[in-house]
Amino acid sequence: GGVRRVAEIIRPAAPGSYAAALFVHWYEPEAHYSNRTQFVEQAKELARRGVISLLVETMWSDRDWFYKRTQADDIANSMQQLAELRQALDLLLAEPGVDPRRVAYIGHDFGAMYGVLLGAADPRPSCYVLMAGTPRFPDWYLYYPRLPEAERAAFRASFAPHDPIAQIGRLAPAPLLFQFGTSDPHVPAERA
C-alpha cells in the first residue's frame, strides 16, 4: 500500500532451528510504548529461550492515528493493516532458522483484534495469545468521531463480517490464550 513500517527482529545469538513469535502492540496514545517497543523485553526473554521474534509498527503506532481516521475509512484501513500483518508474517518466516510449524501470534488490544483477522485469513500461526481485545471493532471505532445513532447502526452492520467475534472460529484448531483485566473500562467482563 505504499506505507513504510518499522519492524525489529530479536533472535537467539546462536544459529539453529527456532520457534517464532509475531508481536503486535496495543493502542494507548498516552503510553510511550504504544508501538513495537511494547514487547521488547518479552522478546528478549524469548530469544534466551530459543524464539525468534518480530515486533512491528502498525497504523495505530501513530499517536494521533485514532483522531485522524474516520469511520468511512476504517474497513479499507483494516484490510490494509491485515495485508501488512501478512507481510510481517512473511518476513518472520523468511528469517533463517525459523521453524514454520512453531509460529505464535501475540497481540494486545487492537493487536489482539487484528490477530484474529490475520488467523482467519492465514493459517500459518500455530497458536495465539490475545490480550484485552474486544469482540467488535465498532466497540472502539465508534468512540470517535461521534455519529448519529442511525449511522452508528449502519457502521456496526458494515463491520460485522470483519469483527473478531465473527472470525475467531476460523483460527481452529490452533490453541488460543485469552487474557483480560478485571477492571478494564474498555473491555468490561461481558465483552471479554
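# Close-up views of a predicted model

**View 1. Tyr143 sits in a loop between two helices.** Tyr143 belongs to the loop that runs between helix 5 (138-141) and helix 6 (149-159). The model shown here is predicted. Is Tyr143 buried, partly exposed or exposed? Its relative accessibility is 33%, so Tyr143 counts as partly exposed. The cut-offs behind that label are under 20% for buried and over 50% for exposed. Tyr143 also takes part in a nonpolar patch on the surface.

View 2. The volume of the largest pocket is about 340 Å³. Its lining is made of 15 residues. Which of them are closest to the centre of the pocket? They are Tyr27, Glu28, Asp109, Tyr143 and His186. What kinds of residue make up the lining? There are 10 nonpolar, 2 polar and 3 charged residues. Empty space shows up when a probe the size of a water molecule is rolled over the atoms.

**View 3. Asp109 has a positive phi.** Asp109 is another of the residues closest to the centre of the largest pocket. Look for Asp109 in the loop between strand 4 (98-108) and helix 4 (110-121). Its phi is near 65°, a positive value in a residue that is not glycine. Asp109 has a relative accessible area of 11%, so it is buried.

**View 4. Ala132 has a positive phi too.** Phi of Ala132 is near 55°, and Ala132 is a residue other than glycine. Where does Ala132 lie? It lies in the loop between strand 5 (127-131) and helix 5. The relative accessible area of Ala132 is 11%, so this alanine is buried.

**View 5. A cis peptide bond joins Tyr144 and Pro145.** Omega of this bond is about -10°. Pro145 lies in the loop between helix 5 and helix 6. With a relative accessible area of 23%, Pro145 is partly exposed. Now find Tyr67, which is 78 residues from Pro145 along the chain. The C-alpha atoms of Pro145 and Tyr67 are separated by 7.5 Å.

**View 6. The bond from Ala172 to Pro173 is cis.** What is omega for this peptide bond? Omega is near 5°. Pro173 is placed in the loop between helix 7 (164-167) and strand 6 (176-179).

**View 7. Arg36 forms a salt bridge with Glu8 and another with Glu57****.** Side chains of opposite charge can pair when their charged atoms come close. Start with Glu8 and Arg36: their closest N and O atoms are 2.8 Å apart. Why does this pair tie together separate parts of the chain? Glu8 is in strand 1 (residues 7-10) and Arg36 is in the loop between strand 2 and helix 1, so the pair ties together parts that are 28 residues apart in sequence. Glu8 has 27% relative accessibility, so it counts as partly exposed. In the salt bridge of Glu57 with Arg36, the closest N and O atoms are 3.4 Å apart. This pair links distant parts of the chain, 21 residues apart. Glu57 lies in the loop between strand 3 (51-56) and helix 2 (65-68), while Arg36 is in the loop between strand 2 and helix 1. Glu57 has 17% relative accessibility, so it counts as buried.

**View 8. Ala31 is a buried loop residue****.** Ala31 is in the loop between strand 2 (18-24) and helix 1 (40-48). Relative accessibility is 9% for Ala31, so this residue counts as buried. Arg63 is 32 residues from Ala31 along the chain. How many Å separate their C-alpha atoms? The separation is 9.0 Å.

**View 9. Glu149 and Arg152 pair within helix 6****.** The two residues form a salt bridge, with closest N and O atoms 3.6 Å apart. They are 3 residues apart in the helix, so about one helical turn separates them. The relative accessible area of Arg152 is 16%, so Arg152 is buried.

**View 10. Four charged residues form a network.** Salt bridges link Arg86, Asp90, Asp122 and Arg124. How many salt bridges does the whole structure hold? A search finds 17.

Terms used
Residues are numbered from 1 along each chain as its sequence is written. This is a predicted model: local features need pLDDT of at least 70, side-chain atom pairs count only at pLDDT 80 or more; totals for chains, interfaces and linings use all residues. Side-chain values use heavy atoms; hydrogens and water are left out. On a 1 Å grid over the protein atoms alone, a cavity is a set of points where a 1.4 Å probe fits but cannot get out, and a pocket is an open set with protein on both sides within 12 Å along at least five of seven lines; lining residues have an atom within 4 Å of a point. Grid points are joined across faces, edges and corners, and a volume is the space filled by probe spheres set on the points. Ala, Val, Leu, Ile, Met, Phe, Trp, Tyr, Cys and Pro count as nonpolar, Asp, Glu, Lys and Arg as charged, and the others, Gly among them, as polar. Patches are made of residues with over 30% relative accessible area and no salt bridge: like charges are joined within 9 Å, nonpolar side chains (Val, Leu, Ile, Met, Phe, Trp, Tyr) within 5 Å. Accessible areas come from the Shrake-Rupley method with a 1.4 Å probe; for residues, only the protein chains shown count as cover. A salt bridge is a side-chain nitrogen of Lys or Arg within 4 Å of a carboxyl oxygen of Asp or Glu. Helices (H or I, at least four residues) and strands (E, at least two) are DSSP runs, numbered from the N terminus. Buried means under 20% relative accessible area, exposed over 50%, partly exposed in between (1.4 Å probe, protein chains only).
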